[in-house]
Amino acid sequence: MLSDFFALFFPRFCAACDQALVQGEEIICLQCDYRMARTDSLSDNNSFVAKKFYGRVELQYVWAYYLFHKKGRIQNLIHRLKYDQMPEIGELVGRKMGNDLLKKRFEDLPDLIIPVPLHRIKLRKRGYNQSEHFGTGLSTTLKVPMNANALIRATNTESQTRKSRMLRWKNVHQIFSVPDMQTVHGRRVLLVDDVITTGSTLESCALTLLEAGATSVSVAAMAAAR
Ligand SMILES: [Zn+2]
């Protein structure tokens, strides 16, 4: 009753559709939770998400939870996560994906979860790495440890948009590095990110991890665009 009273004056809003949340709803309203499209990547190893990486880097599993649409609820949700100081969205989606995998009785779990690192300037500005929060949700449900320092980003990619494709490719391979190879050597790594579009960031992260001695690399993202 008291919480209803507070909700009247301090309503909480759905991070996907901006409607007021009712009691029992957390972050995402039930309608959005029902209507936001999921990809089939958790049950299909040859999904459109996996196909993005064919011929580029060998990945064991490629999972993306939501199907990303521009100007949709999912874009709104990701925007909140990245720019509105709502890291809890990442954890929520991570828990959802983790629970879905457990429901499917998925047992081929990785040894280690590693989030795609943010450049330190961006990290300082935002205050958190959204991919790390998504990784936390997966880590707690799947009971797989996460190491957010295993992979680091050396340069800022923002300045590269106007460079030639070849030069950009070369640069991408120098962006990420593994400061201590022992952390990934012989491990099956699950690399986590927010949204997969072209997949080039994940490709270079995965190549860096494999070069550093990871046994295999899988990818999990909150969403993927077709
Ligand atoms: Zn909603």
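Q: Okay, and where does the model come from?
A: The model is predicted, so local features need pLDDT of at least 70, side-chain atom pairs count only at pLDDT 80 or more, and totals for chains, interfaces and linings use all residues. Residues are numbered from 1 along each chain as its sequence is written, and side-chain values use heavy atoms, with hydrogens and water left out.

Q: Which residues are the protein donors of the zinc ion?
A: They are Cys-14, Cys-17, Cys-29 and Cys-32, each through its SG atom, lying 2.3 to 2.4 Å from the zinc ion. Donors here are N, O and S atoms within 2.8 Å of the metal (3.2 Å for Na, K and Ca), and water is not among the atoms, so sites may look incomplete.

Q: How are those donor residues spaced in sequence?
A: The spacing is C-x2-C-x11-C-x2-C.

Q: And why is the arrangement called tetrahedral?
A: Because the 4 donor atoms around the zinc ion subtend angles of 104 to 115°. Four donors count as tetrahedral if all angles lie between 85 and 135 degrees.

Q: Are Cys-14, Cys-29 and Cys-32 buried or exposed?
A: Cys-14 is buried at 1% relative accessibility, Cys-29 is buried at 7%, and Cys-32 is buried at 0%.

Q: With those cysteines about, how many disulfides are there?
A: The count is 0 disulfides, taking a disulfide as a pair of cysteine sulfur atoms within 2.5 Å.

Q: New topic: how many helices and strands does the protein chain have?
A: It has 9 helices and 6 strands. These are DSSP runs, numbered from the N terminus: helices are H or I with at least four residues, strands are E with at least two.

Q: What order do the strands take in the open sheet?
A: The 4 strands go S1-S6-S5-S2, with parallel pairing. Strands S1 (62-68) and S2 (112-115) are at the edges with a single partner strand each, so one side of each has no neighbour in the sheet. Two strands pair if DSSP finds at least two bridges between them.

Q: What about S6, how many of its residues are buried?
A: 10 of its 10 residues are buried. Strand S6 (residues 216-225) pairs with S5 (residues 188-196) over 8 bridges, and 6 bridges join S1 to S6. For instance, Arg-188 has Ser-216 in S6 as its bridge partner, while Phe-68 has Ala-225.

Q: Which strands does helix H5 lie across?
A: Helix H5 (residues 88-103) lies across S1 and S6, at about 120° to S1. Axes are lines fitted to C-alpha atoms, for helices over the stretch in contact, and angles run from 0 to 180 degrees between N-to-C directions. Helix H9 (residues 200-211) also packs on the sheet, touching S2, S5 and S6.

Q: Last one: what is Gly-137 in contact with, beyond its neighbours within four places in sequence?
A: Glu-91, Gly-94 and Arg-95, where contact means heavy atoms within 4.5 Å. Gly-137 is found in helix H7 (residues 130-142) and is buried at 1% relative accessibility.

Note on methods:
Buried means under 20% relative accessible area, exposed over 50%, partly exposed in between (1.4 Å probe, protein chains only). Four donors count as tetrahedral if all angles lie between 85 and 135 degrees; four count as square planar and six as octahedral if opposite donors are over 155 degrees apart and all others between 65 and 115; anything else is irregular.
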